[in-house]
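Dear colleague,

I am passing on the structure below, together with some notes on what I found in it.

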Amino acid sequence: MKINIRWIVKNVPIWLLILIVITLIAGGFEGVINGMIFGQFPNLVGKDANTFVHFLIKSTLIFFVTYTAIVLQYVFLNRARKILRVKLKKTMLINSFALREDAAAGLNHISNDASKIDDQYFSIIAGILSSGAAAIISTIYVLQVNLLMGIIFIAFSCLSLVPMLFGKKKLGALGKEWSDQNSKMMQSAGAWFHGLRDILQYQVQKQFFKRVSTDVETSENTLLKQQNLQWGIQYFNFLLTIVAVVGPWALGFYFISTHQFGVTISALLSLTLSANSVVQNFRQLMQYWSSVASTTEIRKINVSDQDIFTQSSSEVDQPEIKFADVSLTYQDKPVYEDVNLDLPYGTKVLLQGPSGSGKSTLLNMVSGFLKPTKGEITVGSTAPVPSNTVYIAQTPWIFEGSIRDNLSLGQEFSDKQLLAALKQVGLDQEFGQQPLERMIHPDQEDLSGGQRQRLVIARALLRDRPIILLDEITAALDEQNANDIRQILYNTPKTVIESAHHINFDLAKKYGFSSLMIKDHHLVKE
Ligand SMILES: Nc1ncnc2c1ncn2[C@@H]1O[C@H](COP(=O)(O)OP(=O)(O)OP(=O)(O)O)[C@@H](O)[C@H]1O
């Protein structure tokens, strides 16, 4: 998808576009009203008081309408920009989510890229429209003062287009380079902040800061390169503007001295005054163009055809999990090769294997987050979808908000249900009098690792899903808590697949678990 004029027109309401066009036309007279009104002065010589009053009222009205139109123009343009910013950020949020981009890349899009597109595209398009309207109106005025000289002035004005023709591509490439480097800088800055404890512990402040500061320098250097190129182009523009003014004078003086085409000094003077508006607006347009060019690449937004808001149905009843000749390879590295597996509903499985052997990978395939490179996985009669499972991960996801928010995720649950879920994981007594209202701030680490883990388990218990996937969930829990939690999660008719290094074999036996061992890219029953 490309953020361009078509996208803008599609997203701004038609009534607003009409108001913008009307105010643009009215405001476009600003460049020539002085010329138009001052040009009347010679006609006032020797006229009566009535004519003066009439002239004053007319001039006041013209000034009033033009300046009011300019202000309204910006009010409407700003409203349109706000609509476009909201649409752009929402589009970016959805696409980064659908494409599973990492947090740093996604945040870079909605912060840096979105501001750059707003500053150097949306606001510039507004400027282009107003300068364009002013240039057209000034041009019409200039042409009707003296056709030949008017054409000469405008032809010279077009010279200012030349430098931009050469710089456009390079500016676009630098814009993209800057955005990529910015994303890298956000990643290394994120690592710098997240790693505070380890960085201090290993006393590697200097070494680590060098990484971050190099990335900051690199992205700022590219921005500077881009700005220098913009101003280089602008400098050539200025030089050509001199030619655009002096050139027509030279021709005009020649026509005056040879008495050709009725060119007079006064016509040349009024043309210079009005044509200035044409030249200025052309120059402005070129400056705008260079800004627009610098956003060309970042305005190309990767889109996914997936509709993330479509609710995938989770109505499979007592599904069987089947793997038929499933292989999964990361780049060139095989994790699974031709695996066949049949897990009837209610099966309880302990997934074992050395670190890096593929335990999380298997759970991710069953939950539909990873597609096999070859073969087919079915859950019930369909391919796996995340909504059929609860996947409890090694690192619990909690967010800024109340315990209630973190449990319900915005869905409808009664207080009774929420409190019962907290009680099941033993958290009902740990969060004070009103546990559901307690606010949590993940960045302040105000919950222990075990509390976080139990909170996300309570979140899972609230939801009735036929398959429970447990990925190293007890790593942050003490033995007692780990056993209590396991009892809750195991005591269910549902399918449970647990990957764990530390296993309570007594409990596993009690609840009928069998073992699946990952060996040489295959699953072996033990
Ligand atoms: N996104 C990825 N890109 C490339 N390789 C990956 C990716 N995710 C995992 N791997 C590789 O796939 C292999 C299996 O990883 P997986 O996380 O499933 O192992 P695991 O058995 O769960 O390990 P652990 O017990 O340490 O958590 C590893 O060698 C890992 O490096």
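Predicted model: local features only at pLDDT ≥ 70, side-chain atom pairs only at ≥ 80, totals over all residues.

Residues are numbered from 1 along each chain as its sequence is written.

With those classes, the shell around the ligand has two nonpolar, seven polar and one charged residues. The residues that surround the ligand are Tyr 330, Val 335, Gly 353, Ser 355, Gly 356, Ser 357, Gly 358, Lys 359, Ser 360 and Thr 361, a residue being near a molecule if its C-beta atom, placed from the backbone, lies within 6 Å of it. Helix H12 (residues 359-366) gives the largest share of this shell, three residues; helices (H or I, at least four residues) and strands (E, at least two) are DSSP runs, numbered from the N terminus.

As for the overall layout, the domain assignment divides the chain into domain 1 (5-293) and domain 2 (321-525), with bounds that come from an automatic or database domain assignment. The centres of the two domains, taken over C-alpha atoms, are separated by 54 Å.

The largest nonpolar core has 52 residues, and those with the most contacts inside it are Ile 117, Tyr 121, Val 142, Phe 153, Val 278, Leu 285 and Trp 289. Such a core is a set of buried Ala, Val, Leu, Ile, Met, Phe, Trp, Tyr and Cys residues joined through C-beta atoms within 7 Å, where buried means that 20 or more other C-beta atoms, placed from the backbone, lie within 10 Å of the residue's own. Among the helices that each supply at least two residues of this core are H5 (49-98), H6 (103-145) and H10 (205-257), and the largest share, 14 residues, comes from H6. Apart from this core lies another, of 48 residues, including Tyr 391, Leu 461, Leu 470 and Tyr 490.

Turning to the sheets, six strands form an open sheet with mixed pairing in the order S5-S8-S9-S3-S10-S11, two strands being paired if DSSP finds at least two bridges between them. Strands S5 (389-392) and S11 (522-525) stand at the edges with a single partner strand each, so one side of each is left without a neighbour in the sheet. S5 pairs with S8 (residues 467-471) in the parallel sense over four bridges, and Thr 389 stands opposite Ile 467 in S8. The pairing of S3 (residues 348-352) with S10 (residues 514-519) is also parallel, over four bridges, with Gln 352 opposite Met 517 in S10. S10 and S11, by contrast, run antiparallel and are joined by four bridges; they form a hairpin with two residues between them, and Asp 520 in the turn has a positive phi of about 45°.

Finally, three strands form an open antiparallel sheet in the order S2-S1-S4. Here S1 (residues 321-330) and S4 pair over five bridges, and the bridge partner of Ala 324 in S4 is Glu 376.

With best wishes

Key
Buried ≥ 20, exposed ≤ 12 C-beta atoms within 10 Å, placed from the backbone. Nonpolar A, V, L, I, M, F, W, Y, C, P; charged D, E, K, R; others polar.
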